[in-house]
Amino acid sequence: MNNIIWLTGLPCSGKSTIAQSLNNVIDGEILDGDEIRSLINNDNFSEKGRERHMLTVAAWANRLSQYTTVIVALVSPIRSVREKIISLYPQTKEVFLKCPVEECTRRDVKGMYKKALAGEIADFTGVNSPYEEPKNSFIVNTLDDSVEHCVKLILDEFFPMDKHSMFIGRFQPLHQGHIILINKVLEEGKKVCVALRITPVSEKNPYSIKERKQMFKKVFGDKVKIIAVPDIEDICYGR
């Protein structure tokens with residue numbers, strides 16, 4: 001599974017902006033809470049409605065994380081539900097965007113805080129509905145730090161730039177020779193990335209990508225990173 005980076009914080013604390021800037025670097029998938037509400041026509045902002053919405057987004061994120069890193073940008077104000085999501089999907093990394101409500105109000109170009117303060121919006125987080133800050137979470141300060149610095153902090157914490165040794169092949173099937181070579185590299189303390197060549201299922205290539213991934217998972221668990229690549233004919237390395 002790939003990481004789910006769960007950005008949580010008050011409305012206008014910078015979640016969508018940081019999600020987009022982070023995704024410009026890692027090229028994953030963004031799940032924006034407001035966009036999903038619009039897609040599924042969910043306007044239930046009660047505590048139960050928020051819980052259902054958070055769990056729905058988490059389920060989508062979990063499914064997508066099989067294929068890519070997922071960035072969730074969602075107020076997600078209920079601490080116990082966020083903790084439940086992390087328990088259900090351990091690849092979830094909670095990032096709290098810390099920003100005082102006064103600054104969030106100042107940034108609010110849509111005027112939502114103003115409307116909530118005037119009683120025009122009910123159950124608005126930060127005004128007439130509480131936001132429960134995380135107890136144990138990675139924190140970035142979006143009041144004092146630039147977007148670029150916040151993204152760098154997240155990258156440094158969850159995407160260490162470790163170099164990998166790559167094994168490219170069909171692996172039809174994974175056999176003992178492959179296992180010995182990969183274990184040798186792992187024992188040297190190096191990271192391993194396995195690139196599975198995408199080949200149509202045939203008599204020569206009887207196993208699908210999914211089946212080959214399962215072979216590696218059964219032997220190595222999460223010790224190796226697995227990606228799918230085109231059916232590469234030549235490899236050109238360096239300059």
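This is a short tour of the aromatic pairs in a predicted model, with stops to select in your viewer. Residues are numbered from 1 along each chain as its sequence is written, and side-chain values use heavy atoms, leaving out hydrogens and water. In this predicted model, local features need pLDDT of at least 70 and side-chain atom pairs count only at pLDDT 80 or more, while totals for chains, interfaces and linings use all residues.

Start by colouring Phe, Tyr and Trp: the structure holds 5 aromatic pairs. Rings of Phe, Tyr and Trp (its six-membered ring) pair if their centres lie within 6.5 Å; planes under 30 degrees apart count as stacked, over 60 as edge-to-face and the rest as tilted.

Now select Phe96 and Tyr131, a stacked pair with 5.8 Å from centre to centre and 15 degrees between the planes. Phe96 sits in strand E4 (residues 92-98), and Tyr131 in the loop between helix H6 (112-117) and strand E5 (138-141), 35 residues apart. Helices (H or I, at least four residues) and strands (E, at least two) are DSSP runs, numbered from the N terminus.

Buried means under 20% relative accessible area, exposed over 50%, and partly exposed in between (1.4 Å probe, protein chains only).

Next, pick Phe138 and Phe158, an edge-to-face pair at 5.5 Å centre to centre and 75 degrees between the planes. Phe138 belongs to strand E5 and Phe158 to helix H7, so the pair ties together parts 20 residues apart in sequence. Phe158 is buried, at 16% relative accessibility.

Finish with Phe171, Phe216 and Phe220, which form one aromatic cluster.
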